[in-house]
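This report describes selected features of one protein chain. Please examine the sequence and the structure below before reading on.

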Amino acid sequence: MELFFGAFMSLMNPSTLLLVLFGVFLGIVFGALPGLNTSMAVCLCLPLTFVLNHIDGIAMIVGVFIGGVSGGLISAILLNIPGTAAAMATCFDGHPMAKKGQAGRAMGIGIFYSFMGTIIGMIALITISKPLASVALHFTSVEYFSIYVFALTMMASLSGKSLAKGLISGFLGVFIACIGTAPIDYTPRFAFGSNNLAAGFSLVAVLTGAFAISTVMRSIQNPTDIKSSDFGNAKMHGFGFTVKEFIGQIWNMIRSAAIGVGIGILPGIGASTSNLMAYSIAKSSSKYPEKFGTGIMDGVVASETANNATVCGAMIPLLTLGIPGDIGTAFLLSALQIHGISPGPLLFDTNPDLVYVCFAAIGVSVVFMVLLEFFGIRLFTKVLTIREYILLPVIIVLCAVGAFANNNRTFDVIFLVIFGLMGYFLSGWGYPLGPMCIGFILGPSTETSLRRALMASETGHVITSMISPIAIAFYIISIVSVVMSVRNNRRLNRRLAEAEARGEDIPETNA
């Protein structure tokens, strides 16, 4: 509590609070706008952290992260378009409530339970992270390699319809990470005599190009036309529910938050799954399941509590093991690395103040999120109507400036465009971009752990050098994760085929 209070006070600097407020606002806007997403918002903010100290930079990124996940409920309720995949299930009951003239009530419920989900997730993050880090202090390079192997199974879970395409995308990211100087012995690889290639590709150029530039190109290809008349009555009067209704939703809230935290801890699943799972469980355990989908409070509570709790759950493996739980925390890992900070169990001993700054930043961000969404609903409905020919050029300029500012070289700007084109064509051909980014971020760490384990081995044999009781457990978990991903992939394709056979429209999000 002393560390948490000290970190909280360090954020009370007016300039730090303004940065967090800006991050939350930007996250909400990008989460609410169809065609944009939280990952793009974090990408745009990564270059801004170069000129900030590590406390201000990390606090702002956390604010973007918190605001982005919650922002998706605005377009989900008002337009039946999930701004993020984390708000998919919010559409099921949120928009029917809006169609019945209860848009303000639905918005109030969504905002309040987004707050509650984040608070419960933050409590879990604070209580679980330190004990888990203490256990991880005893890990060697062998255990870390097995953990990174497990983390790389996220490629399978993020593959979408085609597992093969997801794996190809992931290994493409690993290959891109291999270009440059090798770890341990610092040997140039695939440099072809170029000093720029020998230095490797900038993290900002790869991530911003693959996500932000490709998303801009897709938005230009498929523009959206949103009018103010589409919103209906979005005026809010309080949070839209009574104390009796709150008491009746306590179990639904706690169960959904537990699902969100649990899903967040498992790498590669994320809020896009937790909100649907929480909604499904809430419906199956309800006394009136037939009312779900017609516009009831229960569905919005389950979805919004779960997806925001997932944010904190995904930060548990990030801070304790250095493994991102989803795409959003992968970008947060990038922000930490930019400031020379390596997440892992030693972080709790070497930089405990920074860990608790992350915890405190979540608390400050969620308060700003509630205030901005509650009092700024009219502003956000106006933002949703900004023409894309105004918004998209601004995004492109910010991406280019950020890529150049990273290392002050035009090489990064050139490859920002190249990776943007690559991301555009890959996504157009059905190759998901998430696995590529995961491969690029985790590839070097996996290689480093492997080479260190082999160097420390007395036998020098690859198989025997990489075995320990904990490592074997993670290898088994990795196999189970891949098998489950294959099963879920087949189930998804079967459901899509059935929906197509029935002539149903398959909703698309900016996941």
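Which residues make a nonpolar surface patch of about 520 Å²? The patch is made by Val243, Ile247, Ile250, Trp251 and Ile254. The model considered here is a predicted one, and the values that follow are computed from it.

**The nonpolar patch and its helices**

Helices H12 and H13 each supply at least two residues of the nonpolar patch. The largest share, 3 residues, comes from H13. Val243 has its place in helix H12. Because its relative accessible area is 63%, above the cut-off of 50%, Val243 counts as exposed.

Helix H13 comprises residues 250-265, 16 residues in total. At 1.5 Å a residue it should span 22 Å, and its end C-alpha atoms lie 23 Å apart, which agrees with the expectation.

**Salt bridges**

How many salt bridges does a search of the whole structure find? The search finds 4. In general, side chains of opposite charge can pair when their charged atoms come close.

| Pair | Closest N and O atoms |
|---|---|
| Arg105 and Glu245 | 3.6 Å |
| Arg189 and Glu447 | 2.7 Å |
| Arg409 and Asp412 | 3.0 Å |

Arg105 forms a salt bridge with Glu245. Arg105 lies in helix H6 (residues 103-136) and Glu245 in helix H12 (residues 243-248), so the pair ties together parts that are 140 residues apart in sequence. Arg105 is partly exposed, with a relative accessible area of 25%, and Glu245 is likewise partly exposed, at 29%.

Arg189 forms a salt bridge with Glu447. This pair links distant parts of the chain, for Arg189 is in strand E2 (residues 188-189) and Glu447 is in helix H22 (residues 434-456), 258 residues apart. Is Glu447 buried or exposed? Its relative accessibility is 19%, which is under the cut-off of 20%, and therefore Glu447 counts as buried. Salt bridges that share partners join Arg189, Glu447 and Arg451 into one network.

In the pair formed by Arg409 and Asp412, both residues are buried.

Phi of Phe190 is near 55 degrees, a positive value in a residue other than glycine. Phe192 also has a positive phi, of about 55 degrees, although it is not a glycine. With regard to accessibility, Phe190 is partly exposed, with a relative accessible area of 42%, whereas Phe192 is exposed, with a value of 75%.

**A positive surface patch**

Which residues form a positive surface patch? Arg487, Arg491, Arg494 and Arg495 form it. One of these, Arg491, has its place in helix H24 (residues 469-501). Arg491 is partly exposed, with a relative accessible area of 30%.

Technical notes: Residues are numbered from 1 along each chain as its sequence is written. This is a predicted model: local features need pLDDT of at least 70, side-chain atom pairs count only at pLDDT 80 or more; totals for chains, interfaces and linings use all residues. Side-chain values use heavy atoms; hydrogens and water are left out. Helices (H or I, at least four residues) and strands (E, at least two) are DSSP runs, numbered from the N terminus. The expected span of a helix is 1.5 Å times one less than its number of residues. Patches are made of residues with over 30% relative accessible area and no salt bridge: like charges are joined within 9 Å, nonpolar side chains (Val, Leu, Ile, Met, Phe, Trp, Tyr) within 5 Å. Accessible areas come from the Shrake-Rupley method with a 1.4 Å probe; for residues, only the protein chains shown count as cover. A salt bridge is a side-chain nitrogen of Lys or Arg within 4 Å of a carboxyl oxygen of Asp or Glu. Lys and Arg count as positive and Asp and Glu as negative; His and the chain ends are not counted. The place of a charge is taken as NZ of Lys, CZ of Arg, CG of Asp or CD of Glu. Buried means under 20% relative accessible area, exposed over 50%, partly exposed in between (1.4 Å probe, protein chains only).
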